[in-house]
Every structure is written in structure tokens, then in C-alpha cells.
Amino acid sequence: MQPSTPDLVTRSLRAVWHPCTQMKHHERIPLLPIVRAQGAWLHDAHGRRYLDGISSWWVNLFGHAHPAINAAVTEQLGTLEHVMLAGCTHEPAVLLAERLSALTDGTLGHAFFASDGASAVEIALKMSFHFWRNHGHADKRDFVCIDNGYHGETLGALAVTDVALFRDAYGPLLRHAHRVPSPDARLALPGESPAQLATRALAEVARLFEARASHIAAIIVEPLVQCAAGMAMHHPSYLSGLRRLCDAHGVHLIADEIAVGFGRTGTFFAHEQAGIRPDFLCLSKGISGGYLPLSVVLSTDDVHAAFYADEVARGFLHSHSYTGNPLACRAALATLDLFESTDAIATNQARFDALEQGLHALASHPRVTHLRRRGAILAFDVDDHVQAGQLGFAQRYARHALAAGALLRPIGRTVYLMPPYILDEEEIAQLITATLDALERTLNENQ
Ligand SMILES: *Cc1c(COP(=O)(O)O)cnc(C)c1O
């Protein structure tokens, strides 16, 4: 073992406070010192490599160190690394806004940039409230969110998030939001189809809107897949139903496609599968190909017009220092180019069909339920009995997956695959083997 290896981990545990982590658990769970990455592979300081089966927290779309994105960012670096976007503008931000607008057929033609997903959610919530206020409806200040939804962890985003692990400690700091039942297809009653379950879930939204719409600014939804909830998938008719209810009651529809945008669900945007457009579209994660922090909220002409006036205070005065950073925008433009040059949406079909086929045997596994897929996201739930003093399923599975050569991090007892859009046949086979091996090893611990 190289002497520098334990050093990096030890120094990290001392100096770096790692995200979403009980730091003490690293006494038992090793921290991975990653020294470089290429394509779908992460290379550690011990000379081992791991297939990045979850796209480094769902951000990486075309692999690590992609030559085309590297070249675009490098070129931008020599031209303009950053300039403030208040009072100034630059080609990368304008081009990106134009291309994203075109991807919504021009219906969401106004791009407000920020740096991370939670900020995009904050922006959409504030913009919605401010829109109604500018229209003389200052009472419309409530938000509606969906059971088990996740929208980020700043206080405003956390208020519309329903993941106990992230919000329980901060409950006293959070503003009340209305919660409606999740259309998660796993919750279907015996004999109920996902579409029927969606209809049942929509009835609760209708009841709430009928009673309360004059106080409601917006409902926020993760279209098609509630990812952080454990890849909970629902029928597209839920989204078209929400659109109808929002139109009927004068409520904004905020689509949080931070995780599901950019091809993850099999279409460029998830909401396309419902044949609708939201009033606000939040994007981040894959937007820069996994290179640099960048997020954006796209909104309609109608929303933009509500802020366009002589008075300063009617404008949207929100800002972040790195808003519209040129390097990040250039990485995003190179990522959009890759969608075109690789025909990613179409070629992913065969790639993820093969992954699905490889996991097919799990459908009849005695300890596996709800094997499911939407586009480039695959998941299944595992029946595991954690024994006293033992690490949870997710942590034990993750460790076995690493031993089998893949970075996978289950959410609770849900194992999911969300790899970059570049796996070749051999890599698909390796990911399938690692997924299945890790499952058997984890379950065998408790025989
Ligand atoms: C990750 C995520 C966020 C938050 O994005 P950050 O960049 O982590 O702040 C918000 N909504 C959804 C659906 C996400 O998956």
C-alpha cells in the first residue's frame, strides 16, 4: 500500500466534513480516495477501479473526463472564466438559455441561472409567490408538495421535502407546506393499475385545491420518478392531471426535473411523456454533464411578463454570485452537443434494455420486489432483516458492490442503477454481475 493512501483518508476525515454522512460511521465504513476518473470508471489510490453505477450522485451523463467537454471547458477557460451576470452578459449563458428554450419548443423561454438544485427550487418558489403578489394576489403563499418528495435541503426547499431523515431535525425552522399522497405505483391496491392509482392521488389534490386554491401559489412535483424517495415511479397521467387541476384553479405547476431531466426517464424531459409543460422547470445535476455546479429555472412568457415593469420592486431581485458561470454554461453546451452527436436518447434505449434484461431474473427472486425501470433508471426493493449491531442494508450492500467493482449506494432497501449514458456491452455485463453479486453477498450475511 502506498504511504500516501491512508494519509489522504485520514486527512479528509479530520479536515473535510462530508455531506449526508454521520462522520463517526467512517470508523467502520472506509472512505474511497479517488485519484482520477475516465469514462464510467473511478480509480482509487490503491489502483482499484469502480464502475460509477450512480453517475456520481446522478450528475454524470457522458462519463468522466469526456474529451469533448474537456475541450469546451478548456477553451472557455482561456477566454472568459467568469463575469457577473447582473448588468453583464456573455455568449455561453445566452446560447444555453436559447437552446434550453428550444428544447421546450419555446414555451419556457426565460432562463434564471443559479448554481445548485436547491437554489433552483428556492427560485421557483419565490418566483411563483412573487408572480401572484405582482398580480394582486398576495394571499397565494402556500405551497403543495407530494409525500416522499425531495427538492433539496436549504430551508425553503426542505419545507417542500418529505424525507424524514433530512427534515426531522429542522422541523421547527420550516414553513408549513400542504402534502398530498404520492402516486408511487408501489402503493397500488390489489388490482389497481398505476393509472388508477394516479387518478386516486389526483382526487386528493382536487379536494385541497377546491378548499384552498385562493391561498396556494404552486404545487411542486418530481415528474415520473421521485428519485430520493427510492426511485418511486408513477404513471404520466398524474402529471397531465396536475396540469388540468392547476389550470382550473389558478395554481402554478413547478416541475423539479433536477434529477429526471436530460434523458434520465427516456425522453429529454420527463414531463414530455405526459404531453404537458410546467409553469416552472427546475434543472441541475446532469445539466453540465457532471462537471460544474449549475442550475436553472425556466419559466413562461406569462411569468416573465408579471415582473416586467418600471418599479424595481416588481422585478425578481434574487441573485447568486456565480449565476450563469461561463465555464459551467460551456460544459452544459458541450453536453447538449453530445446528446445530438451520439443520439443519446435513442441509443440509450438499447443500452438500458440490455441492463434490464440482465436483471430480469430478479423478478422471481424470493427477496426482491418491485423490479422497475423508467428510461435510464432501474431499481428494485430488497427484503432484508438487519440484525442488532449490524450496519443497515444500504451500507452493507454498498461495501459488497465496491468489492465487486461498482459504486452503488442503495437508498434504504432500494437498489438502483443510474449509470452514465456510455456503457458498452462489457461494462453493462460488469454492472449486472456486480449488482447481483453484491445482492447475494449482502443477503448471505444473514443466513
Ligand atoms: C438533487 C436534487 C435536488 C437538490 O439539488 P442540489 O444540487 O443537491 O441542491 C432537488 N431536487 C431533486 C429532485 C434532486 O434530485
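Analyst: The residues that line the largest cavity divide into four nonpolar, five polar and one charged. This is a predicted model, and what follows is computed from its atoms. The space in this largest cavity comes to about 60 Å³, and its lining consists of Gly263, Gly266, Ala344, Ile345, Asn348, Gln349, Phe352, Arg373, Gly375 and Ala376. Helix H12, which covers residues 344-358, provides the largest share of that lining, with five residues.

Helix H12 also has a helical partner, for it packs with helix H14 (residues 425-444) at an angle of about 30°, the two axes being 10 Å apart. The crossing of these two helices is right-handed. On the side of H12 the contact is made by Arg351, Ala354, Leu355 and Gly358, and on the side of H14 by Ile428, Leu431, Ile432 and Leu436. Sorted by class, the residues of this contact of H12 with H14 are six nonpolar, one polar and one charged.

The search of the whole structure that found this space gives two cavities of 30 Å³ or more. The second largest cavity has a volume of about 30 Å³, and the residues that line it are Trp58, Leu61, Glu257, Ile258, Ala259, Gly261, Phe262, Arg264, Ser284, Lys285 and Gly286. In this lining five residues are nonpolar, three are polar and three are charged.

The lining of the second largest pocket holds eight nonpolar, seven polar and one charged residues.

The crossing in which H3 passes H11 is right-handed. From H3, the residues Ala68, Ile69, Ala72, Val73, Gln76 and Leu77 meet Pro326, Leu327, Arg330, Ala331, Ala334, Thr335 and Leu338 of H11. By class, this contact of H3 with H11 comprises ten nonpolar, two polar and one charged residues.

In the other pair, the axes of helix H8 (residues 194-212) and helix H9 (residues 237-249) come within 9 Å and cross at roughly 20°, which makes H8 roughly parallel to H9. H8 passes H9 in a crossing that is right-handed. The residues of H8 that take part are Ala195, Ala198, Ala201, Leu202, Val205, Ala206, Phe209 and Glu210, and they meet Ser237, Tyr238, Gly241, Leu242, Leu245, Cys246 and His249 in H9. The contact of H8 with H9 has eleven nonpolar, three polar and one charged residues.

Methods:
Residues are numbered from 1 along each chain as its sequence is written. This is a predicted model: local features need pLDDT of at least 70, side-chain atom pairs count only at pLDDT 80 or more; totals for chains, interfaces and linings use all residues. Side-chain values use heavy atoms; hydrogens and water are left out. Axes are lines fitted to C-alpha atoms, for helices over the stretch in contact, and angles run from 0 to 180 degrees between N-to-C directions. Helices (H or I, at least four residues) and strands (E, at least two) are DSSP runs, numbered from the N terminus. Angles under 35 degrees count as roughly parallel, over 145 as roughly antiparallel, 65 to 115 as roughly perpendicular and the rest as oblique. A crossing is left-handed if the near helix is turned anticlockwise from the far one by less than a right angle, and right-handed if clockwise. Contact means heavy atoms within 4.5 Å. Ala, Val, Leu, Ile, Met, Phe, Trp, Tyr, Cys and Pro count as nonpolar, Asp, Glu, Lys and Arg as charged, and the others, Gly among them, as polar. On a 1 Å grid over the protein atoms alone, a cavity is a set of points where a 1.4 Å probe fits but cannot get out, and a pocket is an open set with protein on both sides within 12 Å along at least five of seven lines; lining residues have an atom within 4 Å of a point. Grid points are joined across faces, edges and corners, and a volume is the space filled by probe spheres set on the points.
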